[in-house]
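I opened my notebook to keep track of what I looked up in this one. Here is the model, so that you can follow along.

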Amino acid sequence: MSDSTLSARYFDAAIDLLHRVRDEEADNIAAAGALVADTVVAGGRLFAFGAGHSSLPAQDVVYRAGGLALMNLLPVPGMVGVDVVPATLGSALERVGGLAGVVLDTSPARSGDLLFIISLSGRNTLPVEMAQNARALGLTVIGVTSVAYASATRSRHASGTFLKDHCDLVLDSKIGIGDAELTVDGVGAPFAPASTVVTSALMQAVLATAVGELAERGIDPPMLRSGNVDGGHEWNGRVMTEYADRIFYRR
């Protein structure tokens, strides 16, 4: 099988998943966008959390051109991508109880804020406890996960529950168990994950919906412009000054 055929198969698989999410999650995307808009209007703050590679879609919506300036990353040491050595330590930390509570207690998150929790499987202790603790603190929680894992795997949390069981709203990425879209003779394991592509698109779709919702309510959303466009730095500086009480990535 040629490399070009494999690349085409990967693109087709990713596009099929994007179409599924667009069509099957349309109502939930609209609801999530409305929740984000409600939070902005009420003066709340917006956060996104993900562990390991699930942190990438969270990072993708924070401090970027064309993005909503109010999105903040909720970082957990050792969990932001593969920023620890050995990388397997990050996987181990996802299974440690109590970590989520400490993170939230020492974060700027408070009642009335909104938190996206991104976890492909939703089965590890950290995302489950993050959702539990966040809701107990009065945050709105939107879970971004693959619901299929809950029917085909066992939870690693003591309660036996998954991220999806502790959210105000769930967005299903439709990613299959194992997150690998391709197989080929001669390769012992499935390969070519698509979760980052699909989940990042899902997050951007929600925020695009929120921006449109705010505009319909007569509110000019605080957007960031590219620093590589003339006037971009000055624009962003004004936005960050005006919303300094809700932006934490500048401090």
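My entries on strands, salt bridges, the pocket and backbone angles follow.

**Ground rules.** I am working with a predicted model, where local features need pLDDT of at least 70, side-chain atom pairs count only at pLDDT 80 or more, and totals for chains, interfaces and linings use all residues. Residues are numbered from 1 along each chain as its sequence is written, and side-chain values use heavy atoms, with hydrogens and water left out.

**Entry 1: strand β3.** I began with β3, residues 114-118. Helices (H or I, at least four residues) and strands (E, at least two) are DSSP runs, numbered from the N terminus. I took buried as under 20% relative accessible area, exposed as over 50% and partly exposed as in between, with a 1.4 Å probe and protein chains only. Because 5 of the 5 residues of β3 are buried, the strand is largely enclosed by the rest of the structure. I looked at each face in turn: L114, F116 and I118 are buried on one side, and L115 and I117 are buried on the other.

Next I checked its partners (strands pair if DSSP finds at least two bridges between them). β1 (residues 46-50) runs parallel to β3, with 5 bridges joining them; L46 has L114 as its bridge partner.

**Entry 2: salt bridges.** How many salt bridges does the structure hold? I found 11, each a side-chain nitrogen of Lys or Arg within 4 Å of a carboxyl oxygen of Asp or Glu. One of them joins K174 and E24 at 3.1 Å, N to O. K174 sits in the loop between β5 (169-172) and α8 (195-216) and E24 in helix α1 (residues 3-24), so this pair ties together parts that are 150 residues apart in sequence. K174 is buried at 13% relative accessibility, whereas E24 is partly exposed at 45%.

K174 also has a salt bridge with D172, at 3.6 Å between the closest N and O atoms. Shared partners join R20, E24, E25, D172 and K174 into one network. I also logged R64 with D60, whose closest N and O atoms are 2.4 Å apart; R64 is partly exposed at 38%.

**Entry 3: the largest pocket.** I looked up its volume, which is about 600 Å³. On a 1 Å grid over the protein atoms alone, a pocket is an open set of points where a 1.4 Å probe fits, with protein on both sides within 12 Å along at least five of seven lines; lining residues have an atom within 4 Å of a point. The points are joined across faces, edges and corners, and the volume is the space filled by probe spheres set on them. Of the 33 lining residues, A51, G52, H53, S91 and E94 are the closest to the centre. α8 gives the largest share of the lining, 3 residues.

**Entry 4: positive phi.** I noted that D179 has a phi near 50° and A192 one near 70°. D179 is buried at 13%, and A192 is buried at 18%. Most residues other than glycine have a negative phi.
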